[in-house]
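Biologist: Before we discuss terms, please put the model on the screen. I would like each label set against its rule.

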Amino acid sequence: MQHIHDLIGIGFGPSNVALAIALDEKRHGGKPLDALFIERQPRFAWHPHMLLDQAHMQISFLKDLATLRNPTSRFTFVNYLHEQGRLTDFINLKSFFPSRHEFNDYLGWAANQFEDACRYGEEVFEVLPETQGGEVSLLRVRSRSEGGRVQERLARNLVVSIGGTPNIPESFRALRGDGRVFHSSSYLKDMARHPQARRVAVIGAGQSAAEIFMDLQGRSGGLQVDLVMRARSIRPSDDSPFVNEVFNADFTDYMFSRASDERAALLDEFSQTNYAVADLDLIQQIFKVFYDQKVARGTRLRMLRQHDVRAVRAASDGVHLTLLDQDAGRESTVRYDAVVLATGYARDQHKDLLLPLAPHLGDYDVDRYYRLKTTPDFHPGIYLQGACEDSHGLSDTLLSVTSVRTGEIGNALLAAQSRARNAVRDEAQAVRV
Ligand SMILES: Cc1cc2nc3c(=O)[nH]c(=O)nc-3n(C[C@H](O)[C@H](O)[C@H](O)COP(=O)(O)OP(=O)(O)OC[C@H]3O[C@@H](n4cnc5c(N)ncnc54)[C@H](O)[C@@H]3O)c2cc1C
């Protein structure tokens with residue numbers, strides 16, 4: 001008989017690493033859940049192609065994998081620093097915002113402690129229903145290794161934590177596969193494939209676009225870089241304290257309790273905390289770069305505001321973008337050696353993975369504890385992390401509530417497990433009677 005896992009987690013990024021920690025700490029010496037995580041990368045890495053040298057966290061280190069749920073956890077960032085022998089040095093930095101390199105190292109340190117619970121190098125491509133007596137009792141999770149080997153596993157519960165998928169604007173879709181146009185999520189890897197590139201466009205006006213612009217302008221060889229945006233300006237992300245309260249764990253309750261039109265209004269009202277905005281200090285650095293260029297009477301760097309990409313053409317000499325200057329009403333075509341799309345992420349990939357289950361999942365609505373609502377004949381629990389912004393708020397795609405959320409999901413999983421065990425025991429007793 002094939003082994004049945006209590007839980008399979010798809011993806012082993014921060015969300016599922018935090019879940020592994022929460023489950024470990026909720027055991028209280030009891031029998032652990034049999035949880036297995038499946039991660040497509042060959043080893044733990046947190047947005048590895050955006051690990052830029054100057055980039056730092058946009059969130060306090062106290063919003064790590066554990067502290068807000070359990071400040072005494074051994075998986076806190078503070079304990080990581082202690083184990084690395086850097087705690088006092090970090091204190092002397094006087095910063096709440098570690099470098100992204102350091103936070104990646106922290107996340108990897110935590111992930112490595114669950115090495116046995118994770119299968120790296122396998123991509124889940126499908127989840128199928130397993131039926132018994134006409135009802136769905138289990139899930140069959142199918143994954144493929146890099147070498148093409150398909151593996152199937154059974155689970156009672158699933159936690160889908162697969163992050164976002166690159167959002168590619170319509171005008172660039174035809175160029176998928178042309179290595180000269182790539183998304184920010186693969187920036188360092190793909191840029192390294194173009195050592196000869198002299199002229200680069202960065203499309204976007206958010207944090208990634210701003211970081212990539214700074215990285216490109218500082219590279220040796222004096223690249224020509226155009227930062228192309230529809231907006232009139234790069235805007236600062238609002239992380240002022242009252243606004244930041246939307247990332248508090250208790251704001252999730254408030255958001256979830258609202259009607260759908262109110263939720264949408266809240267997302268809209270606070271979108272400038274996270275979308276199409278950049279850190280103020282980064283904006284100031286970019287302004288300084290342009291100011292210095294003015295002093296030197298240079299033209300190497302351009303910020304093309306209110307510019308819309310109207311057409312894209314790939315040719316042997318480069319990628320030609322036809323840009324409409326919305327202010328002047330003028331079109332021009334510019335040739336680039338590489339185009340970086342810092343155009344954000346989509347968060348609906350779970351629907352593709354779960355497609356064979358769609359008849360049981362309705363509108364993919366979740367309950368307060370992130371469990372998908374299903375038809376009565378469907379018994380496995382499917383939980384989503386990072387795909388519930390509409391119902392749970394702007395913190396859902398970030399690290400802000402990760403530790404608290406995984407505590408809630410962990411409780412829900414353990415409660416379901418104990419209900420199932422009680423049902424089996426009651427059934428056995430009934431048979432004996
Ligand atoms: C460059 C960058 C910087 C960021 N900085 C911050 C920050 O400072 N603060 C903050 O709060 N948020 C930040 N974020 C937001 C980010 O979403 C979270 O930090 C965090 O990564 C969310 O964790 P996650 O595990 O939900 O998703 P991810 O980190 O995206 O992890 C998902 C994992 O699932 C794997 N996966 C995907 N599909 C499959 C599949 N089919 N099968 C198997 N494995 C799969 C992926 O390989 C990946 O490892 C940043 C995002 C980016 C892109």
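**Labels and their rules**

Modeller: In this predicted model, the side chains of Glu211 and Arg100 meet in a salt bridge, at 2.6 Å from N to O. Residues are numbered from 1 along each chain as its sequence is written. Side-chain values use heavy atoms, without hydrogens and water, and side-chain atom pairs count only at pLDDT 80 or more.

Biologist: Why is the pair Glu211 and Arg100 called a salt bridge?

Modeller: The rule asks for a side-chain nitrogen of Lys or Arg within 4 Å of a carboxyl oxygen of Asp or Glu. The N to O value is 2.6 Å, so the pair qualifies. Between domain 1 and domain 2 the count is one salt bridge.

Biologist: What makes these two parts domain 1 and domain 2?

Modeller: The bounds come from an automatic or database domain assignment. That assignment gives 4-164 + 347-432 for domain 1 and 168-237 + 274-341 for domain 2.

Biologist: How do you know what area domain 1 and domain 2 bury between them?

Modeller: Buried area is the accessible area (1.4 Å probe) that two parts lose on being put together, summed over both. For domain 1 and domain 2 this comes to about 1000 Å², 54% of it on carbon and sulfur atoms. His49, Met50 and Leu52 supply 53% of the area that domain 1 buries against domain 2, more than any other three residues.

Note on methods
Predicted model: local features only at pLDDT ≥ 70, side-chain atom pairs only at ≥ 80, totals over all residues.
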